[in-house]
Amino acid sequence: MPGSGKLDPDLAQQAIEYCYQQDWSDGLPLVPVSQPLLDRFLAQTGRAPQEIIGSLEATGRDCTVELAAINAAMAGCRPEYFPVVLAAFEALMLDRAARGGGWQSTSGPAPLIVVNGPVRGELGLNAGGGVFGPGFRPNATVARSIGLIVRNVFGVKPQVLEQATQGLPGRWSICLAENEEESPWEPLSVEAGQPPGDSAVSAALLRTCEFVDNRHTQDPEQVLWDFADTISRTGALIFRDASCGVVFCPEHAQLLAAAGFSKAGVKDWLVEHCGRTGAELRRAGKDGVNENNVRFAGDTAAPGSGNSFSRILPSRQHVPIVVAGARNAAISMVVRVFGLWSGTAVGVESRAGAWAGQAAPEG
Amino acid sequence: MPNAILDPTGGAGYAPAAAGPGQTGSLVLAPRRRGLTGAKVGLLVNTKQNADIFLDEVGKLLVERHGAAGILARTKAAFAQPAPECLLKELTTECDVVVTGIGDCGSCSASAVADGVALEGRGTPAAVICSDAFTGSADAIAGLRGAPGYQYATTPHPVAALTPAQVRERALAVLPDVVALLTDPR
(Lines give C-alpha, C1' and ligand atoms only; values in the text may rest on other atoms or scores of the structure.)
Protein backbone atom coordinates (compact mmCIF):
# COMPACT_ATOMS: atom_id res chain seq x y z
CA MET A 1 0.00 0.00 0.00
CA PRO A 2 1.65 3.28 -1.06
CA GLY A 3 1.80 6.19 1.37
CA SER A 4 -1.07 8.65 1.35
CA GLY A 5 1.01 11.14 -0.64
CA LYS A 6 0.95 8.80 -3.65
CA LEU A 7 -2.80 8.10 -3.64
CA ASP A 8 -5.11 10.17 -5.81
CA PRO A 9 -8.21 11.21 -3.86
CA ASP A 10 -9.71 13.03 -6.85
CA LEU A 11 -9.67 9.91 -9.01
CA ALA A 12 -11.06 7.86 -6.12
CA GLN A 13 -13.92 10.30 -5.70
CA GLN A 14 -14.78 10.09 -9.38
CA ALA A 15 -14.91 6.31 -9.24
CA ILE A 16 -17.12 6.39 -6.14
CA GLU A 17 -19.45 8.89 -7.79
CA TYR A 18 -19.66 6.67 -10.88
CA CYS A 19 -20.93 3.83 -8.66
CA TYR A 20 -23.62 6.11 -7.22
CA GLN A 21 -24.71 7.08 -10.72
CA GLN A 22 -25.18 3.41 -11.63
CA ASP A 23 -27.65 3.09 -8.73
CA TRP A 24 -25.57 0.34 -7.13
CA SER A 25 -25.26 1.93 -3.70
CA ASP A 26 -27.20 1.40 -0.48
CA GLY A 27 -26.62 5.09 0.17
CA LEU A 28 -23.07 4.90 1.47
CA PRO A 29 -19.93 5.08 -0.68
CA LEU A 30 -18.90 1.87 -2.45
CA VAL A 31 -15.46 0.53 -3.18
CA PRO A 32 -15.16 0.55 -6.99
CA VAL A 33 -14.19 -2.99 -8.00
CA SER A 34 -11.62 -3.82 -10.67
CA GLN A 35 -10.67 -7.20 -12.11
CA PRO A 36 -7.49 -7.51 -10.00
CA LEU A 37 -9.47 -6.95 -6.78
CA LEU A 38 -12.13 -9.43 -7.92
CA ASP A 39 -9.38 -11.97 -8.66
CA ARG A 40 -8.05 -11.63 -5.11
CA PHE A 41 -11.53 -12.40 -3.75
CA LEU A 42 -12.00 -15.40 -6.05
CA ALA A 43 -8.58 -16.73 -4.98
CA GLN A 44 -10.02 -17.16 -1.47
CA THR A 45 -12.43 -19.89 -2.55
CA GLY A 46 -12.18 -23.14 -4.41
CA ARG A 47 -15.65 -22.63 -5.83
CA ALA A 48 -16.11 -21.84 -9.51
CA PRO A 49 -16.91 -18.18 -10.29
CA GLN A 50 -20.06 -19.13 -12.21
CA GLU A 51 -21.43 -21.49 -9.55
CA ILE A 52 -24.96 -20.39 -8.55
CA ILE A 53 -25.22 -19.94 -4.78
CA GLY A 54 -28.75 -18.60 -4.50
CA SER A 55 -31.81 -17.72 -6.56
CA LEU A 56 -34.84 -15.51 -6.14
CA GLU A 57 -37.81 -16.97 -7.96
CA ALA A 58 -39.77 -13.71 -7.80
CA THR A 59 -37.28 -11.84 -9.97
CA GLY A 60 -35.80 -14.82 -11.79
CA ARG A 61 -32.31 -13.79 -10.75
CA ASP A 62 -29.43 -16.06 -9.76
CA CYS A 63 -26.43 -15.12 -7.62
CA THR A 64 -23.08 -16.56 -8.69
CA VAL A 65 -19.87 -16.74 -6.68
CA GLU A 66 -18.41 -14.03 -8.91
CA LEU A 67 -21.32 -11.61 -8.43
CA ALA A 68 -21.20 -12.21 -4.68
CA ALA A 69 -17.48 -11.40 -4.76
CA ILE A 70 -18.00 -8.14 -6.65
CA ASN A 71 -20.65 -7.04 -4.16
CA ALA A 72 -18.55 -8.08 -1.15
CA ALA A 73 -15.62 -6.11 -2.50
CA MET A 74 -17.89 -3.10 -3.12
CA ALA A 75 -19.15 -3.40 0.46
CA GLY A 76 -15.63 -2.89 1.77
CA CYS A 77 -14.70 -6.47 2.62
CA ARG A 78 -11.10 -7.58 2.48
CA PRO A 79 -10.59 -10.62 0.21
CA GLU A 80 -10.04 -12.93 3.17
CA TYR A 81 -13.55 -12.15 4.46
CA PHE A 82 -15.07 -13.65 1.32
CA PRO A 83 -15.49 -17.24 2.60
CA VAL A 84 -17.48 -15.81 5.53
CA VAL A 85 -19.68 -13.85 3.10
CA LEU A 86 -20.30 -17.02 1.09
CA ALA A 87 -21.17 -18.98 4.23
CA ALA A 88 -23.44 -16.19 5.48
CA PHE A 89 -25.28 -16.03 2.17
CA GLU A 90 -25.65 -19.80 2.07
CA ALA A 91 -26.92 -19.81 5.65
CA LEU A 92 -29.49 -17.13 4.78
CA MET A 93 -30.67 -19.10 1.76
CA LEU A 94 -31.58 -21.88 4.22
CA ASP A 95 -34.16 -19.47 5.66
CA ARG A 96 -37.37 -20.09 3.73
CA ALA A 97 -38.38 -16.44 4.05
CA ALA A 98 -35.15 -15.29 2.38
CA ARG A 99 -35.82 -17.54 -0.62
CA GLY A 100 -39.45 -16.44 -0.72
CA GLY A 101 -40.88 -12.99 -0.19
CA GLY A 102 -38.78 -11.82 2.76
CA TRP A 103 -36.69 -9.26 0.88
CA GLN A 104 -39.85 -7.67 -0.57
CA SER A 105 -41.75 -7.65 2.71
CA THR A 106 -43.42 -4.59 4.24
CA SER A 107 -41.64 -5.55 7.47
CA GLY A 108 -38.24 -4.91 5.84
CA PRO A 109 -36.46 -7.64 7.79
CA ALA A 110 -32.73 -7.61 8.57
CA PRO A 111 -30.40 -10.58 8.39
CA LEU A 112 -28.86 -11.65 11.70
CA ILE A 113 -25.49 -13.24 10.92
CA VAL A 114 -23.65 -15.15 13.67
CA VAL A 115 -20.04 -16.30 13.21
CA ASN A 116 -18.45 -19.03 15.32
CA GLY A 117 -15.01 -20.60 15.48
CA PRO A 118 -11.41 -19.52 14.93
CA VAL A 119 -12.22 -17.39 11.89
CA ARG A 120 -13.50 -14.79 14.37
CA GLY A 121 -10.03 -14.12 15.68
CA GLU A 122 -8.31 -14.56 12.33
CA LEU A 123 -10.40 -11.84 10.71
CA GLY A 124 -10.83 -9.62 13.76
CA LEU A 125 -14.59 -10.06 14.00
CA ASN A 126 -15.99 -8.36 17.08
CA ALA A 127 -17.65 -10.61 19.66
CA GLY A 128 -17.40 -8.22 22.59
CA GLY A 129 -18.31 -4.63 23.41
CA GLY A 130 -20.62 -2.95 20.92
CA VAL A 131 -21.13 -6.21 19.06
CA PHE A 132 -24.21 -4.88 17.25
CA GLY A 133 -21.85 -2.25 15.83
CA PRO A 134 -20.47 -0.05 14.48
CA GLY A 135 -16.68 0.16 14.44
CA PHE A 136 -15.41 -3.19 13.17
CA ARG A 137 -14.65 -3.70 9.50
CA PRO A 138 -15.45 -7.40 9.10
CA ASN A 139 -18.71 -7.21 11.06
CA ALA A 140 -19.84 -4.13 9.13
CA THR A 141 -18.82 -5.21 5.66
CA VAL A 142 -19.88 -8.87 5.77
CA ALA A 143 -23.39 -7.75 6.70
CA ARG A 144 -23.37 -4.99 4.10
CA SER A 145 -22.34 -7.48 1.41
CA ILE A 146 -25.64 -9.33 1.83
CA GLY A 147 -27.58 -6.11 1.35
CA LEU A 148 -25.72 -5.25 -1.83
CA ILE A 149 -26.28 -8.76 -3.21
CA VAL A 150 -30.03 -8.45 -2.58
CA ARG A 151 -30.08 -5.04 -4.23
CA ASN A 152 -27.80 -5.60 -7.18
CA VAL A 153 -27.98 -9.30 -7.93
CA PHE A 154 -31.56 -10.13 -6.92
CA GLY A 155 -32.75 -6.70 -8.11
CA VAL A 156 -34.75 -5.89 -4.96
CA LYS A 157 -34.49 -2.14 -4.36
CA PRO A 158 -36.25 0.02 -1.76
CA GLN A 159 -39.62 1.47 -2.78
CA VAL A 160 -39.63 -0.70 -5.90
CA LEU A 161 -39.68 -4.46 -5.26
CA GLU A 162 -38.67 -3.86 -1.64
CA GLN A 163 -41.81 -2.55 0.03
CA ALA A 164 -40.67 -1.96 3.64
CA THR A 165 -43.17 0.30 5.39
CA GLN A 166 -40.51 1.74 7.69
CA GLY A 167 -37.75 -0.83 7.56
CA LEU A 168 -35.61 -1.18 10.63
CA PRO A 169 -32.37 0.14 12.02
CA GLY A 170 -29.61 -2.37 11.55
CA ARG A 171 -30.68 -3.78 8.22
CA TRP A 172 -27.50 -4.93 6.47
CA SER A 173 -25.33 -4.24 9.55
CA ILE A 174 -25.97 -7.07 12.03
CA CYS A 175 -23.09 -9.55 11.93
CA LEU A 176 -22.03 -10.86 15.33
CA ALA A 177 -19.18 -13.09 16.36
CA GLU A 178 -20.33 -15.24 19.26
CA ASN A 179 -18.43 -14.57 22.49
CA GLU A 180 -17.55 -18.24 22.92
CA GLU A 181 -14.80 -17.43 25.41
CA GLU A 182 -17.24 -15.94 27.93
CA SER A 183 -20.24 -18.12 27.10
CA PRO A 184 -21.11 -20.88 29.57
CA TRP A 185 -22.83 -22.84 26.81
CA GLU A 186 -21.93 -24.62 23.58
CA PRO A 187 -21.50 -22.36 20.53
CA LEU A 188 -24.48 -21.77 18.25
CA SER A 189 -22.67 -23.53 15.39
CA VAL A 190 -22.25 -26.70 17.48
CA GLU A 191 -25.93 -26.66 18.40
CA ALA A 192 -26.53 -26.24 14.65
CA GLY A 193 -24.62 -29.31 13.60
CA GLN A 194 -21.01 -28.20 13.07
CA PRO A 195 -18.01 -29.81 14.81
CA PRO A 196 -16.64 -27.93 17.83
CA GLY A 197 -13.71 -25.74 16.89
CA ASP A 198 -14.77 -25.34 13.26
CA SER A 199 -15.60 -21.94 11.79
CA ALA A 200 -19.23 -21.63 10.75
CA VAL A 201 -21.96 -19.09 10.09
CA SER A 202 -25.64 -19.13 11.04
CA ALA A 203 -28.25 -16.66 9.81
CA ALA A 204 -31.92 -15.73 10.08
CA LEU A 205 -34.08 -12.79 9.09
CA LEU A 206 -35.07 -10.51 11.98
CA ARG A 207 -37.98 -8.14 12.41
CA THR A 208 -36.21 -6.16 15.10
CA CYS A 209 -33.92 -6.17 18.14
CA GLU A 210 -35.11 -5.04 21.60
CA PHE A 211 -32.92 -4.65 24.65
CA VAL A 212 -33.61 -6.11 28.08
CA ASP A 213 -31.68 -4.28 30.79
CA ASN A 214 -31.84 -6.20 34.04
CA ARG A 215 -29.01 -5.50 36.46
CA HIS A 216 -31.52 -5.61 39.28
CA THR A 217 -31.63 -9.17 40.55
CA GLN A 218 -29.62 -12.34 40.88
CA ASP A 219 -32.74 -14.49 40.77
CA PRO A 220 -32.67 -16.36 37.44
CA GLU A 221 -36.45 -16.61 37.20
CA GLN A 222 -36.89 -12.88 37.73
CA VAL A 223 -34.38 -12.28 34.94
CA LEU A 224 -36.21 -14.72 32.66
CA TRP A 225 -39.58 -13.13 33.45
CA ASP A 226 -38.12 -9.82 32.29
CA PHE A 227 -37.20 -11.44 28.97
CA ALA A 228 -40.62 -13.10 28.75
CA ASP A 229 -42.32 -9.71 29.02
CA THR A 230 -40.46 -8.31 26.03
CA ILE A 231 -40.81 -11.50 24.00
CA SER A 232 -44.56 -11.65 24.69
CA ARG A 233 -45.53 -8.12 23.70
CA THR A 234 -48.65 -8.11 21.53
CA GLY A 235 -47.35 -5.59 19.01
CA ALA A 236 -45.01 -8.20 17.61
CA LEU A 237 -47.63 -10.94 17.33
CA ILE A 238 -49.14 -11.39 13.90
CA PHE A 239 -49.47 -15.16 13.67
CA ARG A 240 -50.58 -17.74 16.22
CA ASP A 241 -46.94 -18.70 16.76
CA ALA A 242 -43.82 -16.58 16.97
CA SER A 243 -40.11 -17.16 16.86
CA CYS A 244 -37.93 -15.04 19.09
CA GLY A 245 -34.30 -15.48 20.10
CA VAL A 246 -32.02 -13.87 22.64
CA VAL A 247 -28.48 -12.60 22.24
CA PHE A 248 -27.47 -12.85 25.88
CA CYS A 249 -24.67 -10.71 27.25
CA PRO A 250 -22.06 -12.74 29.16
CA GLU A 251 -23.38 -11.57 32.54
CA HIS A 252 -26.95 -12.77 31.98
CA ALA A 253 -25.74 -16.03 30.42
CA GLN A 254 -23.35 -16.72 33.29
CA LEU A 255 -26.00 -15.89 35.89
CA LEU A 256 -28.42 -18.34 34.31
CA ALA A 257 -25.78 -21.03 33.90
CA ALA A 258 -24.63 -20.62 37.50
CA ALA A 259 -28.22 -21.20 38.58
CA GLY A 260 -28.22 -24.48 36.70
CA PHE A 261 -29.79 -23.47 33.41
CA SER A 262 -28.45 -25.15 30.28
CA LYS A 263 -29.14 -23.42 26.98
CA ALA A 264 -31.92 -25.92 26.34
CA GLY A 265 -33.24 -25.24 29.84
CA VAL A 266 -33.51 -21.51 29.10
CA LYS A 267 -35.34 -22.28 25.86
CA ASP A 268 -37.75 -24.61 27.63
CA TRP A 269 -38.45 -21.99 30.30
CA LEU A 270 -39.21 -19.35 27.66
CA VAL A 271 -41.39 -21.74 25.63
CA GLU A 272 -43.35 -22.45 28.80
CA HIS A 273 -43.76 -18.87 30.02
CA CYS A 274 -43.95 -16.62 26.95
CA GLY A 275 -47.49 -15.85 25.85
CA ARG A 276 -50.58 -13.82 26.61
CA THR A 277 -53.99 -14.28 28.14
CA GLY A 278 -57.09 -14.19 26.00
CA ALA A 279 -58.09 -10.86 27.56
CA GLU A 280 -54.73 -9.30 26.74
CA LEU A 281 -54.90 -10.54 23.16
CA ARG A 282 -58.47 -9.31 22.77
CA ARG A 283 -57.50 -5.88 24.10
CA ALA A 284 -55.06 -5.64 21.18
CA GLY A 285 -57.46 -7.07 18.58
CA LYS A 286 -55.42 -10.24 18.14
CA ASP A 287 -57.39 -12.92 19.97
CA GLY A 288 -58.69 -14.71 16.88
CA VAL A 289 -56.58 -17.07 14.73
CA ASN A 290 -57.77 -17.93 11.21
CA GLU A 291 -57.13 -21.07 9.13
CA ASN A 292 -53.84 -19.58 7.90
CA ASN A 293 -52.74 -19.02 11.52
CA VAL A 294 -53.05 -15.24 11.12
CA ARG A 295 -54.39 -13.40 14.17
CA PHE A 296 -57.49 -11.22 13.90
CA ALA A 297 -59.90 -9.33 16.15
CA GLY A 298 -62.41 -11.89 17.37
CA ASP A 299 -66.07 -10.87 17.55
CA THR A 300 -67.16 -12.24 20.88
CA ALA A 301 -65.53 -13.47 24.03
CA ALA A 302 -66.09 -17.12 24.75
CA PRO A 303 -66.89 -17.68 28.43
CA GLY A 304 -63.69 -18.01 30.44
CA SER A 305 -61.44 -17.43 27.43
CA GLY A 306 -60.19 -14.14 28.88
CA ASN A 307 -58.15 -16.01 31.48
CA SER A 308 -56.82 -18.67 29.14
CA PHE A 309 -53.09 -18.48 28.46
CA SER A 310 -51.82 -18.84 24.89
CA ARG A 311 -48.17 -19.79 24.53
CA ILE A 312 -46.52 -18.27 21.48
CA LEU A 313 -43.19 -20.13 21.14
CA PRO A 314 -43.95 -23.67 19.92
CA SER A 315 -40.52 -25.31 20.34
CA ARG A 316 -36.85 -24.89 21.16
CA GLN A 317 -36.13 -24.23 17.49
CA HIS A 318 -38.21 -21.07 17.81
CA VAL A 319 -35.81 -19.70 20.47
CA PRO A 320 -32.26 -19.40 19.10
CA ILE A 321 -29.77 -18.34 21.78
CA VAL A 322 -26.40 -16.66 21.24
CA VAL A 323 -23.94 -15.08 23.68
CA ALA A 324 -22.23 -11.86 22.61
CA GLY A 325 -21.18 -8.50 23.93
CA ALA A 326 -19.06 -7.19 26.80
CA ARG A 327 -19.11 -8.47 30.38
CA ASN A 328 -19.61 -4.93 31.69
CA ALA A 329 -23.41 -4.83 32.21
CA ALA A 330 -26.43 -7.10 32.29
CA ILE A 331 -27.91 -5.86 29.01
CA SER A 332 -29.07 -8.38 26.43
CA MET A 333 -30.96 -8.25 23.14
CA VAL A 334 -34.18 -9.96 22.21
CA VAL A 335 -34.00 -10.74 18.49
CA ARG A 336 -37.35 -11.21 16.86
CA VAL A 337 -37.13 -13.76 14.05
CA PHE A 338 -39.12 -13.00 10.87
CA GLY A 339 -39.83 -16.62 9.93
CA LEU A 340 -38.02 -19.52 11.54
CA TRP A 341 -34.28 -20.03 11.98
CA SER A 342 -33.20 -23.02 9.88
CA GLY A 343 -31.25 -24.46 12.81
CA THR A 344 -28.38 -25.24 10.44
CA ALA A 345 -24.96 -23.58 10.40
CA VAL A 346 -22.78 -23.44 7.29
CA GLY A 347 -19.06 -24.17 7.54
CA VAL A 348 -16.59 -21.50 6.47
CA GLU A 349 -14.39 -22.73 3.67
CA SER A 350 -10.80 -22.87 4.81
CA ARG A 351 -7.98 -22.53 2.30
CA ALA A 352 -4.87 -23.97 3.91
CA GLY A 353 -2.61 -21.10 4.86
CA ALA A 354 -4.89 -18.54 3.27
CA TRP A 355 -5.61 -16.80 6.56
CA ALA A 356 -2.10 -16.71 8.02
CA GLY A 357 0.16 -13.77 7.24
CA GLN A 358 -2.56 -12.00 5.28
CA ALA A 359 -1.05 -8.58 6.06
CA ALA A 360 -1.96 -6.17 3.28
CA PRO A 361 -1.07 -8.22 0.20
CA GLU A 362 -2.80 -5.71 -2.08
CA GLY A 363 -0.79 -3.18 -3.98
CA MET B 1 -5.43 2.48 -19.53
CA PRO B 2 -7.24 2.12 -16.17
CA ASN B 3 -9.10 -1.03 -15.20
CA ALA B 4 -12.86 -1.02 -15.83
CA ILE B 5 -15.20 -0.72 -12.85
CA LEU B 6 -17.04 -4.04 -12.62
CA ASP B 7 -20.85 -4.25 -12.70
CA PRO B 8 -22.31 -5.87 -9.55
CA THR B 9 -25.63 -6.67 -11.24
CA GLY B 10 -24.17 -8.99 -13.84
CA GLY B 11 -25.67 -6.73 -16.51
CA ALA B 12 -29.23 -7.64 -15.53
CA GLY B 13 -30.81 -4.20 -15.58
CA TYR B 14 -34.44 -3.38 -16.18
CA ALA B 15 -35.20 -3.38 -19.90
CA PRO B 16 -38.69 -2.00 -20.48
CA ALA B 17 -39.73 -1.79 -24.11
CA ALA B 18 -42.34 0.43 -25.74
CA ALA B 19 -45.82 -1.07 -25.68
CA GLY B 20 -48.06 -1.32 -28.75
CA PRO B 21 -51.83 -1.89 -28.83
CA GLY B 22 -52.82 -5.19 -27.20
CA GLN B 23 -49.18 -5.66 -26.25
CA THR B 24 -47.05 -4.80 -23.24
CA GLY B 25 -43.34 -5.13 -23.85
CA SER B 26 -42.61 -8.53 -25.32
CA LEU B 27 -45.89 -9.93 -23.94
CA VAL B 28 -48.87 -10.26 -26.28
CA LEU B 29 -52.02 -10.10 -24.17
CA ALA B 30 -54.51 -12.93 -24.46
CA PRO B 31 -57.36 -12.22 -26.91
CA ARG B 32 -60.32 -10.56 -25.15
CA ARG B 33 -63.96 -11.57 -25.34
CA ARG B 34 -66.56 -8.95 -26.19
CA GLY B 35 -68.33 -9.66 -22.93
CA LEU B 36 -68.47 -12.16 -20.14
CA THR B 37 -71.82 -13.80 -20.97
CA GLY B 38 -71.37 -17.54 -20.67
CA ALA B 39 -67.75 -17.24 -19.51
CA LYS B 40 -66.31 -19.52 -16.87
CA VAL B 41 -64.46 -17.33 -14.35
CA GLY B 42 -61.42 -18.58 -12.43
CA LEU B 43 -60.61 -17.04 -9.07
CA LEU B 44 -57.00 -17.34 -7.90
CA VAL B 45 -57.06 -16.47 -4.18
CA ASN B 46 -53.68 -15.69 -2.57
CA THR B 47 -54.77 -16.12 1.11
CA LYS B 48 -54.05 -12.54 2.15
CA GLN B 49 -56.51 -11.37 4.79
CA ASN B 50 -59.92 -10.74 3.11
CA ALA B 51 -58.75 -11.92 -0.32
CA ASP B 52 -61.21 -14.84 -0.25
CA ILE B 53 -64.22 -12.65 0.59
CA PHE B 54 -63.13 -10.05 -1.97
CA LEU B 55 -62.70 -12.45 -4.89
CA ASP B 56 -65.79 -14.51 -4.00
CA GLU B 57 -67.84 -11.32 -4.22
CA VAL B 58 -66.25 -10.29 -7.52
CA GLY B 59 -67.08 -13.74 -8.90
CA LYS B 60 -70.65 -13.55 -7.66
CA LEU B 61 -71.13 -10.11 -9.24
CA LEU B 62 -69.66 -11.28 -12.55
CA VAL B 63 -72.27 -14.06 -12.62
CA GLU B 64 -75.20 -11.91 -11.46
CA ARG B 65 -74.54 -8.76 -13.46
CA HIS B 66 -72.40 -9.82 -16.43
CA GLY B 67 -73.78 -13.25 -17.28
CA ALA B 68 -70.72 -15.31 -16.37
CA ALA B 69 -71.56 -19.01 -16.48
CA GLY B 70 -69.72 -20.25 -13.43
CA ILE B 71 -66.89 -19.91 -10.97
CA LEU B 72 -63.82 -22.03 -10.29
CA ALA B 73 -62.10 -20.82 -7.11
CA ARG B 74 -58.56 -21.95 -6.35
CA THR B 75 -56.17 -20.92 -3.58
CA LYS B 76 -52.42 -20.68 -3.94
CA ALA B 77 -50.48 -22.00 -1.00
CA ALA B 78 -47.68 -19.43 -0.90
CA PHE B 79 -48.84 -15.85 -1.39
CA ALA B 80 -45.25 -14.63 -1.74
CA GLN B 81 -44.46 -16.88 -4.69
CA PRO B 82 -45.82 -17.05 -8.23
CA ALA B 83 -48.50 -19.73 -8.64
CA PRO B 84 -47.20 -23.21 -9.49
CA GLU B 85 -47.47 -24.54 -13.06
CA CYS B 86 -50.15 -27.08 -12.24
CA LEU B 87 -52.44 -24.39 -10.85
CA LEU B 88 -51.94 -22.12 -13.86
CA LYS B 89 -52.61 -25.06 -16.15
CA GLU B 90 -55.84 -25.98 -14.41
CA LEU B 91 -57.10 -22.39 -14.47
CA THR B 92 -56.24 -21.82 -18.12
CA THR B 93 -57.71 -25.18 -19.15
CA GLU B 94 -60.93 -24.87 -17.19
CA CYS B 95 -61.63 -21.12 -17.34
CA ASP B 96 -62.17 -18.43 -19.96
CA VAL B 97 -60.91 -15.58 -17.75
CA VAL B 98 -59.16 -15.38 -14.37
CA VAL B 99 -59.33 -12.84 -11.55
CA THR B 100 -56.52 -12.88 -8.97
CA GLY B 101 -55.49 -11.01 -5.82
CA ILE B 102 -55.30 -9.36 -3.48
CA GLY B 103 -51.85 -7.86 -3.99
CA ASP B 104 -51.66 -6.45 -0.48
CA CYS B 105 -48.02 -6.87 0.54
CA GLY B 106 -44.58 -6.47 -0.99
CA SER B 107 -44.14 -9.99 -2.25
CA CYS B 108 -47.77 -10.86 -2.98
CA SER B 109 -48.40 -7.75 -5.09
CA ALA B 110 -45.42 -8.72 -7.23
CA SER B 111 -46.38 -12.39 -7.43
CA ALA B 112 -50.03 -11.54 -8.27
CA VAL B 113 -48.87 -9.50 -11.26
CA ALA B 114 -46.42 -12.27 -12.20
CA ASP B 115 -49.37 -14.68 -12.18
CA GLY B 116 -51.41 -12.29 -14.36
CA VAL B 117 -48.58 -12.08 -16.88
CA ALA B 118 -48.18 -15.87 -16.86
CA LEU B 119 -51.91 -16.38 -17.46
CA GLU B 120 -51.87 -13.93 -20.38
CA GLY B 121 -48.88 -15.75 -21.83
CA ARG B 122 -50.94 -18.97 -21.75
CA GLY B 123 -53.76 -17.27 -23.63
CA THR B 124 -56.18 -16.56 -20.80
CA PRO B 125 -57.22 -12.97 -20.01
CA ALA B 126 -56.45 -12.05 -16.41
CA ALA B 127 -57.50 -9.26 -14.08
CA VAL B 128 -55.09 -8.71 -11.20
CA ILE B 129 -56.34 -6.72 -8.19
CA CYS B 130 -53.76 -4.92 -6.05
CA SER B 131 -53.96 -2.49 -3.16
CA ASP B 132 -53.11 0.98 -4.46
CA ALA B 133 -50.20 1.15 -1.98
CA PHE B 134 -48.26 -1.43 -3.98
CA THR B 135 -48.24 -0.07 -7.53
CA GLY B 136 -44.46 0.43 -7.40
CA SER B 137 -43.85 -3.23 -6.72
CA ALA B 138 -46.54 -4.34 -9.18
CA ASP B 139 -45.19 -2.18 -12.02
CA ALA B 140 -41.60 -3.27 -11.35
CA ILE B 141 -42.35 -6.98 -11.55
CA ALA B 142 -44.33 -6.45 -14.76
CA GLY B 143 -41.20 -4.92 -16.26
CA LEU B 144 -39.05 -7.80 -15.05
CA ARG B 145 -41.49 -10.31 -16.55
CA GLY B 146 -41.30 -8.71 -19.98
CA ALA B 147 -44.61 -6.86 -19.64
CA PRO B 148 -43.83 -3.24 -18.74
CA GLY B 149 -47.03 -1.21 -18.45
CA TYR B 150 -49.16 -4.30 -17.73
CA GLN B 151 -52.57 -3.08 -16.62
CA TYR B 152 -54.21 -4.22 -13.39
CA ALA B 153 -57.01 -3.02 -11.11
CA THR B 154 -56.44 -1.28 -7.79
CA THR B 155 -58.48 -0.98 -4.63
CA PRO B 156 -57.71 1.63 -1.94
CA HIS B 157 -55.36 0.65 0.86
CA PRO B 158 -55.90 -0.88 3.43
CA VAL B 159 -57.76 -4.12 2.77
CA ALA B 160 -56.75 -6.45 5.60
CA ALA B 161 -58.56 -4.68 8.45
CA LEU B 162 -61.92 -4.22 6.63
CA THR B 163 -65.12 -5.91 7.77
CA PRO B 164 -66.73 -8.43 5.39
CA ALA B 165 -69.38 -5.85 4.44
CA GLN B 166 -66.71 -3.28 3.64
CA VAL B 167 -64.81 -5.86 1.56
CA ARG B 168 -67.95 -6.55 -0.49
CA GLU B 169 -68.32 -2.81 -1.12
CA ARG B 170 -64.75 -2.79 -2.40
CA ALA B 171 -65.53 -5.67 -4.73
CA LEU B 172 -68.51 -3.78 -6.14
CA ALA B 173 -66.41 -0.65 -6.60
CA VAL B 174 -63.62 -2.39 -8.51
CA LEU B 175 -66.01 -4.46 -10.67
CA PRO B 176 -66.07 -2.08 -13.70
CA ASP B 177 -62.27 -2.08 -13.83
CA VAL B 178 -62.17 -5.87 -13.65
CA VAL B 179 -64.68 -6.18 -16.48
CA ALA B 180 -62.76 -3.62 -18.56
CA LEU B 181 -59.53 -5.56 -18.07
CA LEU B 182 -61.10 -8.87 -19.10
CA THR B 183 -63.07 -7.75 -22.14
CA ASP B 184 -62.78 -5.77 -25.34
CA PRO B 185 -66.24 -4.68 -26.51
CA ARG B 186 -64.96 -3.43 -29.91
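For these notes I count Ala, Val, Leu, Ile, Met, Phe, Trp, Tyr, Cys and Pro as nonpolar, Asp, Glu, Lys and Arg as charged, and the others, Gly among them, as polar. The model I am reading is predicted.

**Entry 1: the second largest cavity**

I applied that grouping here and got 6 nonpolar, 3 polar and 1 charged among the lining residues of the second largest cavity. The lining consists of A:Ala58, A:Gln104, B:Ala80, B:Pro82, B:Ser107, B:Ala110, B:Ser111, B:Ala114, B:Ile141 and B:Arg145. Helix α3 of chain B, residues 106–121, gives the most to this lining, with 4 residues. I noted a volume of about 30 Å³ for the second largest cavity.

**Entry 2: the largest cavity**

I looked up how many cavities of 30 Å³ or more the structure holds, and the count is 2. The largest has about 90 Å³ of space. It is lined by 13 residues, and those closest to its centre are A:Leu112, A:Val114, A:Leu188, A:Pro320 and A:Trp341. The lining divides into 12 nonpolar residues, 1 polar and no charged. I then checked which strands take part: β3 (110–116), β5 (200–213), β6 (243–248) and β12 (331–337) of chain A each supply at least two residues. Of the contributors, β5(A) gives the most, with 3 residues.

**Entry 3: the open sheet of chain B**

I traced an open sheet of 5 strands in chain B, in the order β4-β3-β5-β6-β7, with parallel pairing. Its edge strands are β4 (70–75) and β7 (153–155), each pairing on one side only. From one strand to the next the twist averages 20 degrees. Inside the sheet I followed β5 (residues 97–103) and β6 (residues 126–131) of chain B, which pair in the parallel sense over 4 bridges. B:Gly103 has B:Cys130 in β6(B) as its bridge partner. Helix α5 of chain B, residues 164–182, lies across β5, β6 and β7 of that chain and runs at about 140 degrees to β6(B).

**Entry 4: cis peptide bonds in chain B**

I found a cis peptide bond from B:Gly101 to B:Ile102, with omega near 0 degrees. B:Ile102 sits in strand β5 of chain B. Another cis bond joins B:His157 and B:Pro158, with omega about 0 degrees. B:Pro158 is in the loop between β7 and α5 of chain B.

**Entry 5: a hairpin in chain A**

I looked at β1 (residues 52–56) and β2 (residues 61–64) of chain A, which run antiparallel and are joined by 4 bridges. A:Leu56 stands opposite A:Arg61 in β2(A). The hairpin has 4 residues between the strands, and A:Gly60 takes a positive phi near 70 degrees there.

**Entry 6: positive phi outside glycine**

I noted A:Gln159, a residue other than glycine with a positive phi near 70 degrees. A:Gln159 is in the loop between α7 (137–153) and β4 (175–177) of chain A. Its relative accessible area is 72%, so A:Gln159 is exposed. B:Asn50 also has a positive phi, near 80 degrees. B:Asn50 is placed in the loop between β3 (40–45) and α1 (51–66) of chain B. B:Asn50 counts as buried because its relative accessible area is 8%, and buried means under 20%.

**Entry 7: a loop residue in chain A**

Is A:Thr234 buried or exposed? A:Thr234 is buried, because its relative accessible area is 18% and the cut-off for buried is under 20%. A:Thr234 lies in the loop between α9 (220–231) and β6 of chain A. Leaving aside neighbours within four places in sequence, I listed the contacts of A:Thr234 as A:Arg276, A:Glu280, A:Leu281, A:Ala284 and A:Lys286.

How values were computed:
Residues numbered from 1 in each chain as written. Chains lettered and ligands numbered in written order. Predicted model: local features only at pLDDT ≥ 70, side-chain atom pairs only at ≥ 80, totals over all residues. Heavy atoms only, no water. 1 Å grid on protein atoms, 1.4 Å probe; cavity = no way out; pocket = protein on both sides within 12 Å on 5 of 7 lines; lining within 4 Å. Points joined across faces, edges and corners; volume = space filled by probe spheres on them. Pairing = 2+ DSSP bridges. Axes fitted to C-alpha atoms, helices over the stretch in contact; angles between N-to-C directions. Contact = heavy atoms within 4.5 Å. Buried < 20%, exposed > 50% of the residue type's maximum accessible area, 1.4 Å probe, protein only.
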